[in-house]
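I opened the model and went through it one topic at a time. My notes follow in the order in which I looked things up.

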Amino acid sequence: MIPVVALVGRPNVGKSTLFNRLTRTRDALVADFPGLTRDRKYGKAELEEHEFIVIDTGGIDGTEEGVETKMAEQSLMAIEEADVVLFLVDGRAGLTSSDEAIAKHLRSREKPTFLVVNKIDGVDGDSACAEFWKLGMNGMYQIAAAQNRGVTALMERALAPFADSLNATEDEDSDEVFIEDLTSVEDIEKANLSEADAEAAYKRLQEQPIKMAIIGRPNVGKSTLTNRILGEERVVVYDMPGTTRDSIYIPMEREGQEYVLIDTAGIRRRKNMNQAVEKFSVIQTLKAVEDANVVLLVIDARENISDQDLSLLGFALNAGRSLVIAVNKWDGLDNEVKERVKSELDRRLGFVDFARIHFISALHGTGVGHLYESVQEAYQSATKRISTSLLTRIMQMAQDDHQPPMIRGRRVKLKYAHAGGYNPPIIVIHGNQVNELPGSYKRYLMNYYRKSLEMMGTPIRIQFQSSE
Ligand code: GDP
Ligand code: GDP
């Protein structure tokens, strides 16, 4: 599971600076959830070998009346859900009563917490740190987020417990590989198997349960849908309670296909969690997306498509997940409204034309059964093996039908293509000047592949490699 790191501290200590530093990586995706979460920010970050989710919890001013309530409102949930807390203080401004109030709160949680003294550029780090020992945290780390000093070392330490389990599996790989142990496309690709073994491993994978995450903003009908799915008599439900801060994983079976439903809504909502804080958790959603094979995004037909819907969609796309969209509450709408909703979907979700859209009523069950077909289709598409010869042949056909443009007086020529990964499928195209192909031609190739390979439900990524 991808670790979650929360940045906590009073305003102005440099949380956003560190946040930006950490998320300024190739794969970073930052989503703001205004209103819903105040000024909290979420991002996926990559540092060296580590992938993690980082949350900027927003400023907490401990000097205000009742730091507890302030923290409860804004950051308690983030802290609860984080695996690691980075508690930032300002090495130039020195210790303040806000810092002490926050420290007191953090000491009462049992969370791995790192005290981070920021802005140590141009000051003597050790003397700047001296007074912070009073906070009674175990050890501290000196950084200058703005200069990127000490950041990598800090994160190495903070993420070390999670890297260990990662390295352990890699060590196993280098010994002997058992096909039964390869539970993801990434594992199979990393294992360097013979063609026949890889084939067998992929076949096994296709027979694995499909991990399906039901996500969506609050009140769109996720719980209703989950209950509907689980309530169907053909579904076999096993009880498998989750922990308080994770989604619930529910193994189930339908028409011979096994699934694991990742329930972010909490059909059995946890009693011990403070409901007033927030019943919807972005972190939980992010984790579920990371862990799923297929994301089922639920949208409310009775509300306009919001930035939050688009942010959630962004999470799924960024993670390269297969996607099925369910437009819920389709019951009892008159035709005029239905037409309006459909045209809004076309306009705002046109860019995810690979995803099947279903119009359903979770409340009455209408259309729910058909979701499985699209989920299966999306999963098969994302994990289908495609040979080099087929990919090259399709590339050739696309090129014959519609020549690439001339660039600097020379025609771009595509030479061959091969698979660069699965789930999502990556197609690597080699040729001359291919990096300079215009976006329109890249999209043309993408659509050509999608049609030829009949890939629905999964994003496809095309990479270009120039070979002169
Ligand atoms: P936040 O309110 O905790 O999110 O703090 P910001 O990231 O907005 O930073 C507050 C101020 O501190 C800004 O003016 C930053 O440029 C500055 N700052 C952040 N990190 C450093 C640092 O490492 N060194 C110095 N000198 N200034 C910094
Ligand atoms: P969640 O927050 O996404 O889990 O949403 P809930 O499942 O709790 O549903 C929010 C509200 O929408 C509840 O009042 C449901 O009864 C209602 N609702 C859910 N699905 C439907 C539907 O298909 N049609 C109608 N009319 N209402 C629905």
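**Ligand shells**

I sorted the shell around ligand 2 by class and found five nonpolar, seven polar and three charged residues. For the classes I counted Ala, Val, Leu, Ile, Met, Phe, Trp, Tyr, Cys and Pro as nonpolar, Asp, Glu, Lys and Arg as charged, and the others, Gly among them, as polar. I note that this is a predicted model, in which local features need pLDDT of at least 70 and side-chain atom pairs count only at pLDDT 80 or more, while totals for chains, interfaces and linings use all residues. Residues are numbered from 1 along each chain as its sequence is written, and chains are lettered from A and ligands numbered from 1 in the order in which they are written.

I listed 15 residues around ligand 2, with Gly-221, Lys-222, Ser-223, Thr-224 and Leu-363 coming nearest. I took a residue as near a molecule or strand if its C-beta atom, placed from the backbone, lies within 6 Å of it. Helix α8 (residues 222–231) gives the most to this shell, namely three residues. Helices here are DSSP runs of H or I with at least four residues, strands are runs of E with at least two, and both are numbered from the N terminus.

**Whole chain**

I counted 14 helices and 18 strands in the protein chain. Of its 468 residues, 37% count as buried. The burial cut-offs are 20 or more other C-beta atoms within 10 Å of a residue's own for buried, 12 or fewer for exposed, and partly exposed in between, with C-beta atoms placed from the backbone.

**Six-stranded sheet**

I traced an open sheet of six strands with mixed pairing, in the order β9-β10-β8-β11-β12-β13. Two strands pair if DSSP finds at least two bridges between them. β9 (248–254) and β13 (356–359) are the edge strands; each has a single partner strand, so one side of each lacks a neighbour in the sheet. I get an average twist of 25° from one strand to the next. Axes are lines fitted to C-alpha atoms, for helices over the stretch in contact, and angles run from 0 to 180 degrees between N-to-C directions.

I followed β11 across its partners. β8 and β11 run parallel and are joined by four bridges, with Ile-214 opposite Leu-296 in β11. β11 and β12 also run parallel, over seven bridges, and Asp-300 has Asn-328 in β12 as its bridge partner. Six of the seven residues of β11 are buried. β12 (residues 322–328) is in turn parallel to β13, with four bridges between them; one I checked pairs Ala-326 with His-358 in β13.

Helix α9 (residues 282–291) packs on the sheet, where it touches β8 (210–215), β10 (257–263) and β11 (294–300), and its direction makes about 155° with that of β8. Contact means that the C-beta atoms of two residues, placed from the backbone, lie within 7 Å. Eight of the ten residues of α9 are buried, so the helix is largely enclosed by the rest of the structure.

**Backbone exceptions**

The bond from Asn-423 to Pro-424 is cis, with omega near 5°. Asn-423 itself has a positive phi, near 55°, and sits in the loop between β16 and β17. It counts as buried, with 21 C-beta neighbours inside 10 Å.

Asn-219 also shows a positive phi, about 70°. I place Asn-219 in the loop between β8 and α8, where it is partly exposed, with 15 other C-beta atoms within 10 Å.
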